[in-house]
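This report goes through selected features of one protein chain. Please keep the sequence and the model in view while reading.

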Amino acid sequence: MAEKEAEIGFNRDTISKLLSSFLKEDKTRLSGDAVQLMAEMLKIFVQEAAVRSLKQAESEDCDQVDIEHFEKILPQLLLDF
């Protein structure tokens, strides 16, 4: 029996408020599609960061991922996104 992965994501209300805080004019509105797209981008970004950090830890023969591994992959990750 195959186990389903639990769908983990970001709270859309939180993302909407976060994006709204960067808007200069109060009249500007965010569409639901924009919030959904940003939620998906954040999910992909976090997954990619986790995978790259794991690969970095494995390349250093470590049993667990530490913040140092994340710090090493962060510059390239930001450039890729």
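Is Ser-53 buried or exposed?

## A residue in helix α2

The model is predicted. In it, Ser-53 has a relative accessibility of 4% and counts as buried, since the cut-off for that class is under 20%. Ser-53 is located in helix α2. Leaving aside residues up to four places away in sequence, Ser-53 touches Val-65, His-69, Phe-70 and Ile-73.

## Salt bridges

Side chains of opposite charge can pair when their charged atoms come close. The structure has 3 salt bridges, and Arg-52 takes part in a pairing with Glu-48 with an N to O distance of 2.8 Å. Both of these residues belong to helix α2, where they are 4 residues apart, about one turn of the helix. Glu-48 has a relative accessible area of 29% and is therefore partly exposed.

Arg-52 also forms a salt bridge with Asp-80, and here the closest N and O atoms are 2.7 Å apart. Because Arg-52 lies in helix α2 and Asp-80 in helix α3 (residues 67-80), this pair ties together parts that are 28 residues apart in sequence. Asp-80 counts as partly exposed, at 43% relative accessibility.

A further salt bridge joins Glu-60 and Lys-72, with 2.7 Å between the closest N and O atoms. This pair links distant parts of the chain, 12 residues apart: Glu-60 is in the loop between α2 and α3, and Lys-72 is in helix α3. Glu-60 is partly exposed with a relative accessible area of 30%, and Lys-72 is partly exposed with 48%. Through salt bridges that share partners, Glu-48, Arg-52 and Asp-80 are joined into one network.

## Helices α1 and α2

Two packed helices are described by the angle between their axes and the distance between the axes. For helix α1 (residues 12-21) and α2, the axes come within 9 Å and cross at roughly 105 degrees. The two helices are therefore roughly perpendicular, as the angle falls in the range of 65 to 115 degrees used for that class.

Which residues of α1 and α2 meet? From α1 they are Arg-12, Ile-15, Ser-16 and Leu-19, and from α2 they are Val-35, Gln-36, Met-38, Ala-39 and Leu-42.

## A nonpolar surface patch

Met-38 is also part of a nonpolar patch on the surface, together with Leu-37, Met-41, Ile-44 and Phe-81. The accessible area of these residues together is about 440 Å².

Ile-44, one of the patch residues, is placed in helix α2, which covers residues 32-59. Its class is partly exposed, because the relative accessibility of Ile-44 is 36% and that class lies between the limits of 20% and 50%.

Most residues other than glycine have a negative phi. What is the phi of Asp-61? Asp-61 has a positive phi of about 55 degrees, although it is not a glycine.

Asp-61 is in the loop between α2 and α3, where Glu-60 is also found. With a relative accessible area of 71%, Asp-61 is exposed, whereas Glu-60 is partly exposed at 30%.

Note on methods:
Residues are numbered from 1 along each chain as its sequence is written. This is a predicted model: local features need pLDDT of at least 70, side-chain atom pairs count only at pLDDT 80 or more; totals for chains, interfaces and linings use all residues. Side-chain values use heavy atoms; hydrogens and water are left out. Patches are made of residues with over 30% relative accessible area and no salt bridge: like charges are joined within 9 Å, nonpolar side chains (Val, Leu, Ile, Met, Phe, Trp, Tyr) within 5 Å. Accessible areas come from the Shrake-Rupley method with a 1.4 Å probe; for residues, only the protein chains shown count as cover. A salt bridge is a side-chain nitrogen of Lys or Arg within 4 Å of a carboxyl oxygen of Asp or Glu. Buried means under 20% relative accessible area, exposed over 50%, partly exposed in between (1.4 Å probe, protein chains only). Axes are lines fitted to C-alpha atoms, for helices over the stretch in contact, and angles run from 0 to 180 degrees between N-to-C directions. Angles under 35 degrees count as roughly parallel, over 145 as roughly antiparallel, 65 to 115 as roughly perpendicular and the rest as oblique. Contact means heavy atoms within 4.5 Å.
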